Amino acid sequence: FDTTQSTASNRLKIYVNGSWVVSTGTAEVGALGAYPVTLDEFFRHIRFTPDALEEVDGLQFIAAATNYAENYTKRLFYNRNFTQYFDEFPVNKKQYRRSQRLSTTPIRLFGSNVKSITSFEYYDQSGDLETLTATTNYRKIDKNSVCYLHPSVAAEYWPTDAHDELADIIEIKYNAGPYPGEVPAAVKSAILLIAASLFENREND
């Protein structure tokens with residue numbers, strides 16, 4: 001996936017399938033934002049006792065190696081929060097009925113292993129912010145580590161009153177990516193090898 005920096009909000013964004021995804025992940029201790037390889041694991045791997053500055057370098061190289069693995073595989077390897085925007089609800093022309101934009105086409109969220117939906121909001125034709133709730137308005141379906149949001153059985157279709165003249169009218173906030181213990185051992189090994197190579201050649205940077 002491609003990445004770019006939003007100059008207006010100073011937030012890292014990822015452009016996926018016609019929409020911007022805002023990544024708010026950090027390198028905090030704990031499940032959220034924790035990389036699959038710890039500093040202790042890294043320095044044990046390279047058999048090196050670091051000082052404080054070298055620990056900072058080590059964390060940077062772990063982050064770089066993890067991001068490389070994500071870009072290469074197109075999968076997530078550490079848990080963080082995302083915000084994804086859409087200009088409209090997806091429309092399947094075969095679902096048009098009585099000239100209304102009714103559709104059961106699902107919304108696909110970026111990232112693997114989506115754990116939870118924090119909020120699902122959109123602007124209606126009057127410019128008012130509306131909130132969709134799980135079960136009542138939508139249902140979350142995971143297939144092969146990909147998350148799809150469908151209209152709920154009761155709602156049947158996506159809302160038809162969404163504003164049709166504004167961009168980014170739909171905002172979905174969610175948490176995605178595995179916790180460290182859920183990352184395959186082979187991926188962790190690859191991250192360790194890449195980070196070790198970066199650390200060994202750090203004087204050439």
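Predicted model: local features only at pLDDT ≥ 70, side-chain atom pairs only at ≥ 80, totals over all residues.
1. Basis. Local features are given where pLDDT is at least 70 and side-chain atom pairs where it is 80 or more, while totals for chains, interfaces and linings use all residues. Residues are numbered from 1 along each chain as its sequence is written, and side-chain values use heavy atoms, with hydrogens and water left out.

2. The open sheet. Three strands in the order S5-S9-S8 form an open sheet with antiparallel pairing; strands are DSSP runs of E of at least two residues, helices runs of H or I of at least four, both numbered from the N terminus. Strands S5 (107-112) and S8 (138-143) are at the edges with a single partner strand each, so one side of each has no neighbour in the sheet. Two strands pair if DSSP finds at least two bridges between them. S8 and S9 (residues 146-151) are joined by six bridges, and His150 in S9 is the bridge partner of Arg139.

3. The largest nonpolar core. This core has 22 residues, and those touching the most other members are Phe89, Ile107, Leu109, Phe120, Leu149, Ile172 and Tyr174. A nonpolar core is a set of buried Ala, Val, Leu, Ile, Met, Phe, Trp, Tyr and Cys residues joined through side-chain atoms within 4.5 Å. Buried means under 20% relative accessible area, exposed over 50%, and partly exposed in between (1.4 Å probe, protein chains only). A second, separate core of 18 residues includes Tyr35, Val187, Leu192 and Ala195.

4. Helix H3. The 16 residues of H3 (residues 185-200) should span 22 Å at 1.5 Å a residue, and the end C-alpha atoms are 22 Å apart, which agrees. The expected span is 1.5 Å times one less than the number of residues. Buried in H3 are Val187, Ile191, Leu192, Ala195, Ala196 and Phe199. These buried residues pack against helix H1 (39-45) and helix H2 (52-73).

5. The loop between H2 and S4. Leaving aside neighbours within four places in sequence, Arg75 is in contact (heavy atoms within 4.5 Å) with Glu70, Ser112 and Ser145. Asn79 is found in the loop between H2 and S4 too, but counts as buried because its relative accessibility is 1%. Gly177 relates to both residues: its C-alpha is 8.3 Å from that of Arg75, though they are 102 residues apart in sequence, and its backbone oxygen is reached by the Asn79 side chain at 2.9 Å.

Key:
Polar contact = N/O pair within 3.5 Å; in protein donor to acceptor, adjacent residues only side chain to side chain.
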